[in-house]
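Please read this note with the sequence and the model side by side. Each point can be checked by finding the residues it names.

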Amino acid sequence: MYIGIVLGLLAGLGLFLYGMNLMGNGLQKAAGDRLKKIIELLTSNRFIAVLVGIFVTGVIQSSSATTVMVVGFVNAGIMQLNQAIGVIMGANVGTTVTAQLVSFDLEAIAPVAVGIGVIIHMVTKSEKLKSYAEILIGFGILFVGMTYMKDAMSPLREVQAFKDMLVNFGHNPILGILMGFTLTLLVQSSSASIGILLALASQGMLPLEAALPILYGDNIGTCTTALIS
């Protein structure tokens, strides 16, 4: 049973990450260099810099991509460190858009989105339309991955030891934070680790008090992208 759960979880996580990456790439291509110009022009004020970070991450669906972009700007001398801090803070707020997106129950729409996206990608020669097609395909694959993760974890409802472990995270927040941090550090995506949390919650296995410390750990772990870059 456990081998099947692990393989199903890995398959779902792989699809989730691939879909999110494909959707993000499509959004970046569709937006073009305009996002970079927005960041360069609007980050003179630290409060606006935070809003820019929220907006850009909400658009490209990746705080990691925003962070790496900003680090590149600082290295190139385009942006000052105090401007970059504001954008990165905004990026970590903006990444919650992804968590909200994957919390919606859109499993029935996912295959339709993939099908439409593939057809558009195959028949069009326009690079702009191909970018929109990638957004649709990535969106669909992301939700297919979520479905895989939910289905893979459903047998764990019958395992008392696993339920006890999750409840313990609620009683020991430090342990929950470390788990969330480690998971995000390993997969380099807070959205993916939050997706796993949502899959557990959808099966009724994860109470809110146990989920919160892990969620905090996820958002601390996503800061390691800036350090790595």
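1. Basis. This is a predicted model, in which local features need pLDDT of at least 70 and side-chain atom pairs count only at pLDDT 80 or more, while totals for chains, interfaces and linings use all residues. Residues are numbered from 1 along each chain as its sequence is written, and side-chain values use heavy atoms, with hydrogens and water left out.

2. Overall make-up. The protein chain has 13 helices and zero strands. Here helices (H or I, at least four residues) and strands (E, at least two) are DSSP runs, numbered from the N terminus. Along the sequence the pattern reads α-α-α-α-α-α-α-α-α-α-α-α-α. Of the 229 residues, 43% count as buried. Buried means under 20% relative accessible area, exposed means over 50%, and partly exposed lies in between (1.4 Å probe, protein chains only).

3. Helix α7. This helix has 14 residues and reaches 20 Å from its first C-alpha to its last, close to the 20 Å expected at 1.5 Å a residue. The expected span is 1.5 Å times one less than the number of residues. Where are the buried residues of α7 as seen down its axis? In α7, Ala110, Ala113 and Gly117 are buried. They fall within an arc of 60° seen down the axis, so they line one face of the helix. The arc is that of the directions from the helix axis to the C-beta atoms. On the other side of α7, Pro111, Ile119, Met122 and Val123 are exposed. As a general rule, an α-helix has 3.6 residues a turn, so residues three or four places apart point the same way.

4. Thr124 lies in the loop between α7 (110–123) and α8 (127–153). Thr124 is buried, with a relative accessible area of 12%. A polar atom of the Thr124 side chain lies 3.1 Å from the backbone nitrogen of Ser126. This can be read against the definition of a polar contact: a pair of N or O atoms within 3.5 Å, where within protein one must be able to donate a hydrogen and the other to accept it, and residues adjacent in sequence count only if both atoms are side-chain atoms.

5. Helix α8. Ser126 caps the N-terminal end of α8, with a side-chain oxygen 3.4 Å from the backbone nitrogen of Lys128. The 27 residues of α8 should span 39 Å at 1.5 Å a residue, and the end C-alpha atoms are 39 Å apart, which agrees.

6. Helix α1. Val6 is in helix α1 (residues 2–31) and is partly exposed, with a relative accessible area of 45%. A nonpolar surface patch of about 420 Å² is made by Ile3, Val6, Leu7 and Leu10. Gly26 also lies in α1, but Gly26 is buried, with a relative accessible area of 0%. How far apart are the C-alpha atoms of Gly26 and Tyr132? They are separated by 6.2 Å, although the two residues are 106 residues apart along the chain.

7. Helix α12. Residues 208–221 form α12, which has 14 residues and reaches 20 Å from its first C-alpha to its last, close to the expected 20 Å. Its buried residues are Ala210, Ala211, Pro213, Ile214, Gly217, Asp218 and Gly221. They cover an arc of only 165° around the axis, which puts them on the same side of α12. Leu208 and Glu209, on the other side of α12, are exposed.

8. Pairs separated in sequence. Leu175 lies in helix α10 (residues 173–187) and counts as partly exposed at 41% relative accessibility. Its C-alpha is 8.0 Å from that of Pro213, 38 residues apart along the chain. Gln100 lies in helix α6 (residues 96–103) and is partly exposed at 44%. The C-alpha atoms of Gln100 and Ile194, 94 residues apart along the chain, are separated by 9.9 Å. Cys223 is found in the loop between α12 and α13 (224–228) and is partly exposed, with a relative accessible area of 38%. Cys223 and Ser190 are 33 residues apart in sequence and 9.4 Å apart in space, C-alpha to C-alpha.

Definitions and conventions
Patches are made of residues with over 30% relative accessible area and no salt bridge: like charges are joined within 9 Å, nonpolar side chains (Val, Leu, Ile, Met, Phe, Trp, Tyr) within 5 Å. Accessible areas come from the Shrake-Rupley method with a 1.4 Å probe; for residues, only the protein chains shown count as cover. A salt bridge is a side-chain nitrogen of Lys or Arg within 4 Å of a carboxyl oxygen of Asp or Glu.
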